[in-house]
Amino acid sequence: MPDAPGLELIRGEIERDHPGAVLATSFDRNQPALIVDAEQILAVLGWLRDTPGQDYRFMSSLHVADYLPAEPRFAVHYELLNRDRVERIRVKAMLADPAAAPSASGNGSSPDDAAANLGASGQGPRTDTPARPQDPDPTLPQIDSCVGLFPTAEFQEREAFDFFGIVFNGHPDLTRILMPDDYVGWPQRRDFPVGGEPVTFTYNEHNYG
Amino acid sequence: MAELSEDLTKELMTVNIGPHHPATHGVLRLIVDLEGEVVRDLKPVIGYVHTGIEKSCEDKSYWKVIPFVERMDYVSYFFQMEAYCGAVERLVGLEIPPRAKYLRTIFLELNRIHSHLVWLGTTALDLGAISMLWYCFRERDRILDLFEMATGQRMHTRYFQVGGVIEDIPLGFEAKLREFVKDMPVRVGQYEALLDRNEVFLSRTKGVGIVSRERLLELGVTGPLLRAAGEPWDLRKTFDYLAYPEMDFQIPVGTVGDNYDRYRVRVAEMVESTRIVEQALDLMPEGPFIADDRKYVLPPRSELSTSMESLIHHFKLVTEGFRVDPGEVYYAIESPRGELGCFVLADGSSKPSRVHFRDPSFVNLQAFKDMAMDSYIADMICSLGMLDPILGGVDR
């Protein structure tokens with residue numbers, strides 16, 4: 001793993017090529033993370049993958065975390081791995097929920113590490129993502145798909161879309177993957193209630209025609 | 001024989017295979033475009049055993065999540081426990097005692113053998129070698145007996161706890177395990193004798209389902225599939241976790257990356273795993289089997305009747321569970337199918353805010369199209385077996 005100073009060096013180098021791309025860094029539990037601008041996610045991922053000396057060419061995992069009630073609410077996590085040096089680095093792209101009313105101030109008291117870091121870096125949390133014209137649903141957060149850089153992300157981005165309603169622009173086949181195609185809702189969001197779905201059994205089949 | 005016109009032979013037919021089909025190793029549905037008997041396009045459709053385990057975990061205190069995550073990949077349950085417990089231990093900064101590391105290593109490797117035995121039996125069955133199933137399940141049963149002896153359960157044992165393991169191994173376990181470790185390499189040799197000179201098995205597997213190592217890495221494939229293509233990548237060697245740094249073992253790799261290599265790699269891994277178990281037994285230190293931090297670990301049962309403090313700790317841990325400071329950890333281990341990663345996000349309460357598993361079957365399944373493309377449909381079934389997806393893990 002890059003240590004905390006190493007992480008700052010990486011941040012500095014990315015800043016040189018892509019100013020404003022890295023919003024903050026975090027080094028928590030010995031795990032380095034770059035918190036990046038979602039608009040420039042492909043630039044950062046591509047930089048980490050292709051820059052000589054970085055070579056984070058393997059994407060271990062792509063997943064989403066919902067930091068509700070922190071703002072911005074969602075983060076897409078990219079766990080990158082350099083297999084030669086055996087180093088992992090996490091890239092987090094923070095995404096606000098466009099459906100929520102834009103809040104005037106950042107949530108300074110949030111338990112979320114990332115949000116606290118965002119405040120510390122002076123950038124302030126992003127409160128909205130500009131809707132793109134081709135997007136059918138402007139209430140969903142959007143980010144560019146990294147399938148072109150890391151083909152392994154295809155299923156994992158579909159899973160993120162399925163459970164969190166994050167739209168990955170440019171994904172070849174962004175459909176639900178684990179939930180049924182006609183399912184409504186984003187079940188792994190924190191504000192989605194845990195509860196039963198009605199199931200037909202013999203004792204209650206008269207309720208279902 | 002009647003002459004078929006060109007356009008008739010070129011006609012594509014879309015066939016649906018599964019989700020309920022004995023050759024799909026679970027409830028996997030495949031939509032296959034066939035030209036005659038040759039696969040021209042393929043799309044896996046998954047989600048038929050999606051049970052929302054990750055969501056359910058958010059509603060349980062940390063220690064109650066363990067039995068949930070075990071049930072994802074129901075063949076390699078110890079690995080899910082280790083990934084989850086390891087992630088939580090890294091979140092709270094809990095060091096597990098050396099004996100627990102060795103005990104965990106032993107059970108993980110036994111589970112690896114168990115998982116590979118289930119794979120070998122069912123996949124050989126797909127290829128017509130029915131007797132392999134009985135032989136493999138005979139040895140698998142001995143492993144389950146060992147699990148039952150140490151943990152009380154044959155599957156889904158809930159043996160690993162945050163901080164160590166729940167109980168030390170019982171008297172007589174070591175002797176029984178040593179007997180198994182002595183027998184297992186002989187049994188593996190017998191499997192090889194059955195399959196390696198089996199003309200049907202060889203011609204069905206050799207040169208079939210080749211995917212280049214570069215493509216596998218692009219697709220994020222790990223585990224025996226990647227090693228069969230010649231890439232010696234094993235998290236047990238590269239990352240420092242449990243007792244693996246002290247163990248002497250080899251990483252079997254293949255050369256061509258066809259289905260035969262995948263078979264060879266897994267069979268060789270079983271022998272390596274027995275070596276690890278044997279060494280772990282030899283080197284296992286005495287001492288506590290679970291950490292002594294009462295804020296996270298249940299006090300010993302015997303103290304409850306004498307110590308008020310222990311009783312309070314016990315009550316707090318069982319009712320509320322322990323709280324974890326905000327933070328997030330991604331912890332990955334080498335499961336029988338590849339990199340099994342567990343991401344745990346803590347929000348300061350006694351329940352995880354998110355538990356996500358990077359399941360190797362789920363990611364590896366993306367390589368299936370490359371493996372089966374332009375091969376016969378019968379070879380597609382063989383490739384699917386060699387891919388070894390566990391649909392419980394794919395769908396979670």
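Two residues are in contact if their C-beta atoms, placed from the backbone, lie within 7 Å. This is a predicted model, in which local features need pLDDT of at least 70, side-chain atom pairs count only at pLDDT 80 or more, and totals for chains, interfaces and linings use all residues. Residues are numbered from 1 along each chain as its sequence is written, and chains are lettered from A in the order in which they are written.

**Exercise 1. Describe the contact between the chains and the side that chain A gives to it.**

Step 1: Start with the totals: 28 residues come from chain A and 35 residues from chain B.

Step 2: Look for the elements, remembering that helices (H or I, at least four residues) and strands (E, at least two) are DSSP runs numbered from the N terminus. On chain A, strand S3 (58–66), strand S4 (74–82) and helix H4 (153–164) each give two or more residues. S3(A) has the largest share, with seven residues.

Step 3: Sort this side of chain A by type: twelve residues are nonpolar, seven polar and nine charged. Here Ala, Val, Leu, Ile, Met, Phe, Trp, Tyr, Cys and Pro count as nonpolar, Asp, Glu, Lys and Arg as charged, and the others, Gly among them, as polar.

**Exercise 2. Work out the strand order of the open sheet in chain A, and find its edges.**

Step 1: Strands pair if DSSP finds at least two bridges between them. The five strands have the order S1-S2-S5-S4-S3, with mixed pairing.

Step 2: S1 (22–28) and S3 of chain A each pair on one side only, as edge strands.

Step 3: Now zoom in on one pair. S1(A) and S2(A), residues 31–36, run antiparallel and are joined by six bridges. Within this pair, A:Phe27 stands opposite A:Pro32.

**Exercise 3. Does the span of helix H12 (residues 259–283) of chain B agree or disagree with its number of residues?**

Step 1: The expected span is 1.5 Å times one less than the number of residues.

Step 2: For the 25 residues of H12(B) that gives 36 Å, and the end C-alpha atoms are 36 Å apart, so the two agree.

Step 3: As for cover, 18 of the 25 residues of H12(B) are buried (20 or more other C-beta atoms within 10 Å of a residue's own).

**Exercise 4. Follow the hairpin of S7(B) and S8(B).**

Step 1: S7(B), residues 338–346, runs antiparallel to S8(B), with six bridges joining them. B:Leu345 has B:Arg354 as its bridge partner.

Step 2: Five residues lie between the strands, and B:Gly348 takes a positive phi near 100 degrees.

Step 3: Finish with S8(B), residues 352–358: seven of its seven residues are buried.

Terms used: A residue is buried if 20 or more other C-beta atoms lie within 10 Å of its own, exposed if 12 or fewer, and partly exposed in between; C-beta atoms are placed from the backbone.
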